[in-house]
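Good morning, colleagues. May I ask you to bring up the sequence and the structure, so that we can go through the side-chain contacts and the backbone together?

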Amino acid sequence: QVQWDCMNPKYKIKKRNYKNSGVVVLLDLKIHRVYSFLDYIMGGCQIHFTVAIDFTASNGDPRNSCSLHYINPYQPNEYLKALVAVGEICQDYDSDKKFSALGFGARIPPKYEVSHDFAINFNPDNDECEGIQGVVESYQSCLPKIQLYGPTNVAPIISKVARVAADEERTKEASQYFILLILTDGVVTDMADTREAIVRASYLPMSIIIVGVGNADFTDMQILDGDDGILRSPKGEPVLRDIVQFVPFREFKNASPTALAKCVLAEVPKQVVEYYSYKAFPPRCPQPHTPDSNLASPQ
């Protein structure tokens with residue numbers, strides 16, 4: 001224990017027997033190290049990237065050149081542009097360069113039942129693709145095999161990634177953080193379930209990026225992005241932390257891919273640090289202190 005006298009200079013001069021006007025006693029001291037995003041990355045934290053693609057009928061028949069899923073040999077469609085722009089940045093933070101790629105809102109073979117969380121490589125045991133190029137190839141090869149349908153339900157995929165993130169959380173280590181990129185052409189149909197799923201996911205090592213493709217009215221989607229106010233579950237429970245970033249692709253149509261990636265990923269480093277600080281998980285192998293940087297800044 002340490003203590004200091006509180007001295008009043010005027011009293012000291014006036015009063016001969018003046019000792020102090022009180023004592024400050026230090027009873028307890030804790031040093032709390034605040035880690036940066038780079039501290040976690042340098043300590044071996046991997047960013048695991050999952051992409052979820054909207055295959056609902058509102059996208060239009062992929063064989064028609066007006067469709068958002070039309071494969072033009074000379075020009076990638078908006079789904080591919082958004083996927084590549086964000087994925088190419090994320091892959092630098094994932095050592096195995098394997099990405100989970102899922103689809104929702106389509107009837108899929110062999111029985112053509114509607115699915116809201118199918119692997120686009122049609123391998124239910126392993127939905128991972130090799131690199132962004134692997135995701136692009138799986139996307140292009142799955143389009144002719146499926147029937148675009150509906151509705152636009154995204155809660156099943158959020159819950160699917162959240163289950164993996166929950167297993168990771170139990171390790172009590174800052175080893176894997178999950179980013180779910182949802183590419184969709186319309187407003188979510190299961191909004192109540194989606195809000196509930198996001199509130200649950202806000203307690204896990206996970207962030208959600210939603211890119212709105214096409215020209216739909218995305219006003220309702222802004223609700224999921226907690227920037228204007230706190231997102232709540234249907235029962236009124238608030239998110240623990242803001243984990244959703246919504247961006248309409250049309251605002252970046254004529255911008256560089258880097259501009260889209262930078263905007264979409266701007267909040268991720270803060271979200272990673274917020275989660276591990278809340279859990280009080282330090283980096284796995286702390287390095288000498290490094291200044292922080294933006295996830296999307298060119299290296």
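In this predicted model, R107 lies over the face of Y149, with 4.0 Å to the ring centre. A further charge over a ring is that of K15, placed over the face of Y11 at 4.6 Å from the ring centre.

Let me turn to the aromatic residues. One aromatic cluster consists of Y35, Y40, Y177, Y275, Y276 and F281.

Next, the salt bridges, of which the whole structure contains 11. Between K30 and D28, the closest N and O atoms are 3.5 Å apart, and both of these residues are exposed.

Which parts of the chain does the salt bridge between E173 and R284 tie together? The closest N and O atoms of E173 and R284 are 3.3 Å apart. E173 belongs to the loop between helix 5 and strand 10 (176-184), while R284 sits in the segment after helix 9 (268-279), so the bridge connects parts separated by 111 residues in sequence. E173 counts as partly exposed because its relative accessibility is 37%; R284, with a relative accessible area of 41%, is likewise partly exposed.

R200 and E237 also meet through their side chains in a salt bridge, at 2.8 Å from N to O. This pair, too, links distant parts of the chain: R200 is in helix 6 (residues 191-201) and E237 in the loop between helix 7 (219-224) and strand 12 (244-248), 37 residues apart. Salt bridges with shared partners bring E196, R200 and E237 into one network. R200 is partly exposed, at 38% relative accessibility, and so is E237, with a relative accessible area of 28%.

I come now to the backbone. Most peptide bonds are trans, and most residues other than glycine have a negative phi.

The peptide bond joining P109 and P110 is cis, with omega about 5°. P110 falls in the loop between strand 5 (106-108) and strand 6 (113-115). Y112 is found in the loop between strand 5 and strand 6 as well, and has a positive phi near 55°. At 37% relative accessibility, Y112 is partly exposed.

A cis bond also runs from G150 to P151, where omega is near -5°; P151 lies in the loop between strand 9 (147-148) and helix 5 (155-169).

Finally, F122 shows a positive phi of about 60° without being a glycine. F122 is located in the loop between strand 7 (118-119) and strand 8 (128-130), and its relative accessibility of 29% makes it partly exposed.

Thank you for your attention.

Conventions: Residues numbered from 1 in each chain as written. Predicted model: local features only at pLDDT ≥ 70, side-chain atom pairs only at ≥ 80, totals over all residues. Heavy atoms only, no water. Helix = DSSP H or I, 4+ residues; strand = E, 2+ residues; numbered from the N terminus. Buried < 20%, exposed > 50% of the residue type's maximum accessible area, 1.4 Å probe, protein only. Phe/Tyr/Trp six-rings, centres within 6.5 Å; stacked < 30°, edge-to-face > 60°. Lys NZ or Arg CZ within 6 Å of the ring centre and 35° of its normal. Salt bridge = Lys/Arg side-chain N within 4 Å of Asp/Glu carboxyl O.
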